[in-house]
Amino acid sequence: MSQDPTPGTTGLVMDEPLIFERGQKGRSGFSMPARDVPALEVPDELKGEDPDLPDLSEIEVVRHYTRLSQYNFGVDSGTYPLGSCTMKYNPKINEKLAGLPGFASAHPLAPQSLSQGALRLMFELQDFLGEITGLRGVSLQPAAGAHGEYAGMRIFHAWHRKKGKQRHKVLIPDTAHGTNPASAALCGFRAVPVESNEQGILSAEGVARLMDEDTAGLMVTNPNTLGLFEENIKEIAGAVHAKGGLIYCDGANFNALMGIVDMEATGVDILHLNLHKTFATPHGGGGPGSGPICVTRELEPFLPIPRIVRENDSFALSEDYPDSLGRLHSFYGNFGVMIKAYAYILSLGPLLKSVSQTAVLNANYLKERLKKTLHLPYDRPCMHECVFTDKFQQEFGISTLDIAKGLIDQGYHPPTIYFPLVVQGAMMVEPTESETREDLDSLVLAFERVAEQAREDPDKLHQAPVKTKVKRLDETLAARKPCLTG
Ligand SMILES: *Cc1c(COP(=O)(O)O)cnc(C)c1O
């Protein structure tokens with residue numbers, strides 16, 4: 001057995017042709033019993049050319065798809081430190097519960113009297129999320145983080161309209177995720193950038209200077225995308241509220257704060273969560289996701305309909321909310337994701353807090369161990385992630401992209417790169433709570449090896465990855481003229 005503590009990708013990289021290039025005419029993966037009824041003549045108008053499908057045996061099909069699946073890297077294959085994505089382990093018990101026949105075959109058009117279990121689950125999940133965030137009005141309807149932001153911006157709009165005067169601008173920090181200004185723009189607001197200070201966070205004075213009576217509010221991410229807690233959030237919220245604005249918080253990455261921070265107490269009015277990040281639904285393949293929004297009691301009347309109401313021991317859906325911004329999704333959102341979040345929260349209970357504590361500890365451990373190897377622009381305690389740059393490697397002509405590609409040869413998925421935009425050559429590393437001490441140590445070793453290669457053989461590092469099925473791509477060409485055969 002290898003003594004190397006990093007799980008590299010040497011050996012057995014499968015070569016797999018297209019399924020159309022496999023097989024032989026006449027081969028088959030099944031056998032049928034002899035027909036015991038007369039053959040039917042197919043009418044001429046239904047006759048056409050036979051589709052040109054490959055003829056394959058069962059094992060050829062199994063091997064084809066199993067080999068293709070091995071080209072993929074996932075949380076279940078190894079450490080996946082992709083910042084801002086919270087690629088944590090998703091316990092299999094959640095999948096098992098989401099697959100229970102009563103849930104999996106529930107029909108959204110079934111009468112409410114036959115859907116009491118599903119309604120109760122959603123009602124209780126709303127309560128849990130209200131408890132975890134401190135914001136007690138919850139809607140599970142938005143289907144993704146960006147959809148939650150959209151719902152939040154619609155509430156900004158509806159609230160100002162109700163107050164009698166529409167506003168046209170929203171303040172958005174320069175570290176924000178790209179979906180923030182996009183969601184604000186989609187609701188007719190102009191995004192006004194707010195610069196972060198030399199500590200990588202917002203200052204109350206900076207926000208107060210920009211806040212005026214045509215500004216609907218501030219869209220802030222906390223912890224921000226540098227992995228830093230916005231320490232001045234209460235003063236910032238005070239400045240925005242004083243001018244009649246609202247605070248929206250992008251809580252896509254809530255993994256540092258569960259059971260620790262009451263968001264309402266920090267002055268936040270609206271927040272979205274990504275159940276498919278923090279609350280253990282697998283993601284990265286394009287969905288389905290769930291981006292619930294949590295609001296103060298004051299903003300609750302604006303939440304999307306239908307809302308789940310409790311009458312004694314039964315649950316019902318109600319549309320009787322005249323100020324509601326209406327419906328944002330068919331039926332109630334992505335129910336399967338809600339079941340997994342519900343199971344995750346119930347299985348951890350008060351231990352959710354230690355999930356956050358461990359996520360923060362792991363990120364700080366990596367930060368301290370890696371800061372000799374990679375330049376750390378903000379050397380302060382971080383939350384669930386930290387951001388490095390390629391500054392130490394530039395003298396060898398090595399960039400963030402080369403380091404990311406080099407990590408692939410060491411057997412790791414690269415971190416998020418070139419984001420947030422305020423840090424040149426950013427590498428955003430988020431270990432999550434699921435990684436063991438040994439996993440973290442071998443990730444550090446992998447980074448150290450790449451840094452060594454940068455010093456000693458930069459030309460070779462420019463070619464990385466070399467151990468994978470697909471080698472270094474011309475990124476522009478790969479996007480414009482994708483070659484799907486690998
Ligand atoms: C992931 C993420 C989003 C968007 O979430 P989607 O579900 O992909 O729409 C928004 N903000 C931040 C900070 C994120 O990390």
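Which backbone atom lies 2.8 Å from an oxygen atom of the ligand? A polar backbone atom of A146 does. The model is predicted: local features need pLDDT of at least 70, side-chain atom pairs count only at pLDDT 80 or more, and totals for chains, interfaces and linings use all residues. Residues are numbered from 1 along each chain as its sequence is written, and side-chain values use heavy atoms, with hydrogens and water left out.

**View 1. Ligand surroundings.** The ligand is surrounded by 13 residues. The closest are S84, G145, D250, H276 and K277. The side chain of D250 places an N or O atom 2.6 Å from a nitrogen atom of the ligand. N274 has a polar side-chain atom 3.1 Å from a ligand oxygen atom.

**View 2. S84 and its loop.** S84 is among the residues closest to the ligand. Its phi is near 70°, a positive value in a residue other than glycine. S84 sits in the loop between α1 (58-70) and α2 (92-98). Helices (H or I, at least four residues) and strands (E, at least two) are DSSP runs, numbered from the N terminus.

**View 3. Helices α5 and α6.** Two packed helices are described by the angle between their axes and the distance between the axes. Helix α5 covers residues 145-163, and helix α6 covers residues 179-186. Their axes come within 9 Å and cross at roughly 40°. That makes α5 oblique to α6. Axes are lines fitted to C-alpha atoms, for helices over the stretch in contact, and angles run from 0 to 180 degrees between N-to-C directions. Angles under 35 degrees count as roughly parallel, over 145 as roughly antiparallel, 65 to 115 as roughly perpendicular and the rest as oblique. The crossing of α5 and α6 is right-handed (the near helix is turned clockwise from the far one by less than a right angle). From α5, A146, E149, Y150 and M153 meet T179, N180, S183, A184 and L186 of α6; contact means heavy atoms within 4.5 Å. This contact has 5 nonpolar, 3 polar and 1 charged residues. Ala, Val, Leu, Ile, Met, Phe, Trp, Tyr, Cys and Pro count as nonpolar, Asp, Glu, Lys and Arg as charged, and the others, Gly among them, as polar.

**View 4. Helices α10 and α12.** The axes of α10 (residues 352-370) and α12 come within 10 Å and cross at roughly 30°. The two helices are therefore roughly parallel. Their crossing is right-handed. N362, Y365, L366, R369 and L370 in α10 meet α12 residues R437, L440, D441, L443, V444, F447 and E448. By class, the contact holds 7 nonpolar, 1 polar and 4 charged residues.

**View 5. Helices α11 and α12.** Helix α11 (residues 400-409) crosses α12 (residues 437-456) at roughly 120°, with axes within 9 Å. The pair is therefore oblique. The crossing is right-handed. I403, G406 and L407 in α11 meet A446, F447 and V450 in α12. The contact divides into 5 nonpolar, 1 polar and no charged residues.

**View 6. Cis peptide bonds.** F419 and P420 are joined by a cis peptide bond, with omega near 0°. P420 lies in the loop between β11 (416-417) and β12 (427-429). The bond from A464 to P465 is cis, with omega about 0°. The loop between α13 (458-463) and α14 (475-480) holds P465.

Conventions. Near = heavy atom within 4 Å. Polar contact = N/O pair within 3.5 Å; in protein donor to acceptor, adjacent residues only side chain to side chain.
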